[in-house]
Amino acid sequence: MEITDEILQKLADLSKLEIPVSRREVLKADLQRMLDFVGQLQTVDVDGVAPLIHLTDAVNRLAPDEPGPGLSWPELLSQAPAAENVYFRVPKVVHK
């Protein structure tokens with residue numbers, strides 16, 4: 001596949017980029033080198049190679065989800081920027 005001006009413009013439109021005229025030839029050459037590099041993968045013989053889902057047999061070890069001691073209401077409210085009685089005070093975000 002060859003990177004043409006039309007393909008470059010379509011990529012620019014899809015990615016919402018504005019590519020200066022002075023950079024177009026350099027960018028086309030860079031994209032062509034990338035495609036050529038990826039195209040080399042098609043020449044690799046993969047017959048008899050099973051596809052991998054994971055690179056290793058490692059499994060995530062998760063900590064048990066057990067409840068622990070919490071903070072009391074006075075401790076929680078003391079950490080709030082503003083509190084009133086047993087409520088957190090927050091700035092008004094709904095405007096009419």
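Predicted model: local features only at pLDDT ≥ 70, side-chain atom pairs only at ≥ 80, totals over all residues.
The salt bridges come first. With a side-chain nitrogen of Lys or Arg required to lie within 4 Å of a carboxyl oxygen of Asp or Glu, the count is four. One of them joins the side chains of lysine 28 and aspartate 5, with an N to O distance of 2.9 Å. Lysine 28 belongs to helix 2, which covers residues 21–39, and aspartate 5 to helix 1, residues 5–14, so this pair ties together parts that are 23 residues apart in sequence. The two partners can also be described by their accessibility. Lysine 28 has a relative accessible area of 13% and is buried, because buried means under 20%. Aspartate 5, at 42%, is partly exposed. The pair also belongs to a network of salt bridges in which Asp5, Glu25 and Lys28 are linked.

Aspartate 30 is partly exposed, with a relative accessible area of 25%.

Another salt bridge is formed by the side chains of arginine 89 and glutamate 84, at an N to O distance of 2.6 Å. Glutamate 84 has a relative accessible area of 41% and is therefore partly exposed.

Helix 2 also holds glutamine 32. The relative accessible area of glutamine 32 is 19%, so this residue falls under the 20% limit and is buried. What does glutamine 32 touch, not counting residues up to four places away in sequence? The contacts are with Met1, Glu2 and Ile3.

The surface has a nonpolar part as well. Phe37, Val38, Leu41, Val44, Val46 and Val49 make a nonpolar surface patch of about 620 Å². One of these residues, valine 46, is placed in the loop between helix 2 and helix 3, the latter being residues 73–78. Valine 46 has a relative accessible area of 53% and is exposed.

Technical notes:
Residues numbered from 1 in each chain as written. Heavy atoms only, no water. Helix = DSSP H or I, 4+ residues; strand = E, 2+ residues; numbered from the N terminus. Buried < 20%, exposed > 50% of the residue type's maximum accessible area, 1.4 Å probe, protein only. Patch = residues over 30% accessible without salt bridge, like charges linked within 9 Å, V, L, I, M, F, W, Y side chains within 5 Å. Areas by Shrake-Rupley, 256 points an atom, 1.4 Å probe, with all protein chains shown as cover. Contact = heavy atoms within 4.5 Å.
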